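Dear colleague,

Please find below the sequence and structure that I am handing over to you.

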Amino acid sequence: MTETDPLEQPKLDKYDRHILTVLQDEGRISFTDLGKRVGLTTTPCIERVRKLERAGYIKGYAARLSAKQLDAGLVVFVQIRLDRTSKKSFHEFKEAIQQLEPVQECYLVTGSFDFLVKARVKDMRAYRDFLEEELLAVPGVNGSTSIAAMETVKETLAISV
């Protein structure tokens, strides 16, 4: 799905915003039920959803899985410092991090480190193995600081519409 130029994107009206809000919570809702929830008949509702998809507001649909049930209950945030003597390090790191399965998110950040990584693993032993054998082996990594989450207080992918 290709996103349109932000300058060419249609303005969102109250129906579009309501559709986006409902779909964030209930991605499998039928078009008929979605239409009822937002005050539209089925056909205009379908047309609006398709328009929102084409415009790039909706990037896709996914199931939310139980990390605990899938033996990935430990969340670890890792601050990564790169060897800054090589501009190539940043490019190589970005390429390599895409291949590491436990990594859910990775951000280039400002501050005293270069990247912030969110990874999910089974337990601390699995994290230690991942850190030593995979993450610290990525080209250009000069150091890391790990922060293990003790409890999930809030976790959402929802964006305020």
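This is a predicted model: local features need pLDDT of at least 70, side-chain atom pairs count only at pLDDT 80 or more; totals for chains, interfaces and linings use all residues.

Helix α3 spans residues 42-54, 13 residues in total. From its first C-alpha to its last it reaches 18 Å, close to the 18 Å expected at 1.5 Å a residue. Cys45, Arg48, Val49, Leu52 and Glu53 are the buried residues of α3. They lie on the same side of α3 because they cover an arc of only 140° around the axis. The face turned away from that buried side carries Thr43, Glu47 and Arg54, which are exposed. Among the elements covering the buried residues are α1 (14-25) and α2 (31-38). After α3 comes Gly56, with a positive phi near 90°.

The largest pocket holds about 1700 Å³ of space. Its lining comprises 41 residues, and Ala62, Arg64, Thr156, Leu157 and Ala158 lie nearest the centre. Two or more lining residues come from each of α1, β1 (74-82), β2 (103-108) and β3 (115-121); α1 gives the most, with five. By class, this lining has 20 nonpolar, nine polar and 12 charged residues.

The second largest pocket has a volume of about 200 Å³. Residues lining this pocket include Lys94, Gln98, Tyr107 and Phe115. Both α4 (88-97) and β2 supply at least two lining residues, and β2 provides the largest share, six residues. Seven nonpolar, two polar and two charged residues make up the lining of the second largest pocket.

Yours sincerely

Note on methods:
Residues are numbered from 1 along each chain as its sequence is written. Side-chain values use heavy atoms; hydrogens and water are left out. Helices (H or I, at least four residues) and strands (E, at least two) are DSSP runs, numbered from the N terminus. The expected span of a helix is 1.5 Å times one less than its number of residues. Buried means under 20% relative accessible area, exposed over 50%, partly exposed in between (1.4 Å probe, protein chains only). The arc is that of the directions from the helix axis to the C-beta atoms. Contact means heavy atoms within 4.5 Å. On a 1 Å grid over the protein atoms alone, a cavity is a set of points where a 1.4 Å probe fits but cannot get out, and a pocket is an open set with protein on both sides within 12 Å along at least five of seven lines; lining residues have an atom within 4 Å of a point. Grid points are joined across faces, edges and corners, and a volume is the space filled by probe spheres set on the points. Ala, Val, Leu, Ile, Met, Phe, Trp, Tyr, Cys and Pro count as nonpolar, Asp, Glu, Lys and Arg as charged, and the others, Gly among them, as polar.
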